[in-house]
Amino acid sequence: MSTTAQNRFVPAQYREALGRYATGVAIVTCEGDGRGPVGVTVNSFTSLSIDPPLVLWCLDNRSDRADAYLTSDAFAINVLARAQQALSVRFSETGQHDFDGIRYETLATNAPVLPGALAVFDCRVEARHDGGDHTIVVGRVVELVSRDGEPLLFFRGRYRGIGRH
Ligand SMILES: Cc1cc2nc3c(=O)[nH]c(=O)nc-3n(C[C@H](O)[C@H](O)[C@H](O)COP(=O)(O)O)c2cc1C
């Protein structure tokens, strides 16, 4: 049940305040549930543990492609470069989570890896936890890629780069 009626703010104020937390942008991919690989744009990625190497992201349960992530035992976090904004837009569009026409590689888990990503964390699912209308997905990193480049940032509902753009 929604608890917003008890709050001293409305949902729009909540979203607006959350948007003041500047983040990077990532595309989380997985092999899918038999209908081919899927990807979704997220900014909820965060590091969780150094030893063991754990990361997490938050999955919107209301999404059509939630099932693919809830049944898959692995995923890859692709941390986007500034030049990959178009990919971020593509994988944030409703229903646009397939890889039709999009080139990718794979590492240990077979989850799609996007060429040009600043970092890739190839993960096996360690745990899933309830988080309101989202599911917290924890992954153990089994392989990674890291390369130089400018990051894609997200702040107050807009894509940004570091410095003046
Ligand atoms: C910058 C940005 C960050 C997002 N972060 C998340 C996220 O952390 N988790 C999530 O499930 N969806 C996130 N979304 C939303 C999804 O990318 C996607 O837009 C949404 O699921 C709608 O597609 P669908 O209706 O086909 O699921 C984010 C979107 C944008 C643009």
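Tutor: The second largest pocket holds about 180 Å³ of space. On a 1 Å grid over the protein atoms alone, a pocket is an open set of points where a 1.4 Å probe fits, with protein on both sides within 12 Å along at least five of seven lines; lining residues have an atom within 4 Å of a point. A volume is the space filled by probe spheres set on the points, which are joined across faces, edges and corners. This is a predicted model, in which local features need pLDDT of at least 70 and side-chain atom pairs pLDDT 80 or more, while totals for chains, interfaces and linings use all residues. Residues are numbered from 1 along each chain as its sequence is written, and side-chain values use heavy atoms, without hydrogens and water.

Student: Which residues line the second largest pocket?

Tutor: Among them are Asp33, Arg35, Asp64, Arg65 and His97.

Student: How is a pair of aromatic rings described?

Tutor: One gives the distance of the centres and the angle of the planes. Rings of Phe, Tyr and Trp (its six-membered ring) pair if their centres lie within 6.5 Å; planes under 30 degrees apart are stacked, over 60 edge-to-face, and the rest tilted. Phe91 and Phe99 are a tilted pair, because their planes meet at 45 degrees, with centres 5.0 Å apart.

Student: Is Phe91 buried or exposed?

Tutor: Buried means under 20% relative accessible area, exposed over 50%, and partly exposed in between (1.4 Å probe, protein chains only). Phe91 is buried, at 0%, and Phe99 is buried at 8%.
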